[in-house]
Amino acid sequence: MSTYKLFLLPGDGIGPEVMAEVEKIAAFFTQQGVAHFEIERGLVGGAAYDAHGQAISEADMRRAAAADAILLAAVGGPKWDGVPYDVRPEAGLLRLRKDFNLFANLRPAICYPALADASSLKRELVDGLDLMIVRELTGGVYFGAPKEIVDLGKGQKRAVDTQVYETYEIERIGRIAFELARKRRNKVTSSEKHNVMKSGVLWRDTIIDLHKREFPDVELDHMLADALGMQLVRKPKQFDVIVTDNLFGDMLTDVAAMLTGSLGMLPSASLGEVDQKTGRRKALYEPVHGSAPDIAGKGLANPIAMIGSFGMALRYSFGLSDLADRVEAAIAAVLAKGYRTADIKGGAPQSVSTGEMGEAILAELKAAV
Ligand code: NAD
């Protein structure tokens, strides 16, 4: 049986509560003998600041580097609003992304049939939705130079952001999208604005070349980013994998998030280059939501986004697709049986706690053995 090293960073607010539910599932799989998870725990965000005055310690960075996958829950909260900028809670998360060069952000948008009525779209448009947005995360207009505001005098200023992409950046994100599509419904939609942006022209040409050279078996189409925004709310089920740049991806992932209902349901992954020693990509898995200080410590948090993030680690870091399928099926089953945390309660008569939702998912996994 293979051993997988998981490094857990529960962080702040509801983080420890939702992470506890993942630990139960990992322990069950280990006990069942299907996979052996070797778990280490560290501190990030406000919790790390309180312990060592840093948003993540060097020792925890080393543990993160040695792990096969990192699972992070959430950072931040009003308690740390006044701490110095370079040690604020988010700095821990940014350090992990930067040091491990996590250039690809994967955000699935899955709409469980039992929750289709929680979407802002009509049930028939989202029922059974399962798409994946692959967003470039370390390049583009958020990082390009020059980035400045210049005083032109006479009360006038000029603000400049620079959208810049090089071939290798587009190729490596494209490769991730095509590889993912091969494990799904084998279709990639690449999105940019080549009609008005030079970076869009290079993006499109590079994806076309890469497709011809390495992935001719995958269906590829192209859609301008504005049209894609429209199609996402018009007919979202037409998509399988969408690949796009940092800026368009930022917006399109938020649109896709609303298709599925609650923040408490959305997992994500950030992937880096393949590690030459282990053959695995550096990877950080985290729910899309934050530390939700308004409900922290009350047992109200929905653990599904965190459990779903663990499911993504099983699939994308460990190649344990069977186990990932089992986790997703267990989530779908408890939702179909009517289990609801407060955030997805809708018109349901009552809701369950974080622990009860976690236990129900675990019970489904046990029942399916
Ligand atoms: P948030 O995602 O924490 O909360 C937004 C709303 O969604 C809140 O009403 C919250 O109760 C609810 N919510 C979020 N997750 C939930 C869950 N699992 N179950 C049930 N309800 C849930 O965003 P925010 O309120 O804007 O930010 C709170 C703190 O989190 C801030 O300090 C912010 O900087 C931080 N934050 C961290 C991350 C991260 O760690 N990646 C992401 C976003 C925000």
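**Cavities in the predicted model**

A search of the whole structure turns up 2 cavities of 30 Å³ or more. A cavity here is a set of points, on a 1 Å grid over the protein atoms alone, where a 1.4 Å probe fits but cannot get out, and lining residues have an atom within 4 Å of a point. Grid points are joined across faces, edges and corners, and a volume is the space filled by probe spheres set on the points.

This is a predicted model: local features need pLDDT of at least 70, side-chain atom pairs count only at pLDDT 80 or more, and totals for chains, interfaces and linings use all residues. Residues are numbered from 1 along each chain as its sequence is written, and side-chain values use heavy atoms, with hydrogens and water left out.

The largest cavity has a volume of about 50 Å³. Its lining includes Y165, E192, K193, W203 and F248. Which element gives the largest share of that lining? That is α7, with 3 residues. β8 (187-192) and α7 (198-214) each supply at least two lining residues; helices (H or I, at least four residues) and strands (E, at least two) are DSSP runs, numbered from the N terminus. By class, there are 4 nonpolar, 4 polar and 3 charged residues. Ala, Val, Leu, Ile, Met, Phe, Trp, Tyr, Cys and Pro count as nonpolar, Asp, Glu, Lys and Arg as charged, and the others, Gly among them, as polar.

The second largest cavity has a volume of about 40 Å³. R107, P108, A109, I133, T253, A256, A257 and L266 line this cavity, and the classes are 6 nonpolar, 1 polar and 1 charged.

Notes
On a 1 Å grid over the protein atoms alone, a cavity is a set of points where a 1.4 Å probe fits but cannot get out, and a pocket is an open set with protein on both sides within 12 Å along at least five of seven lines; lining residues have an atom within 4 Å of a point.
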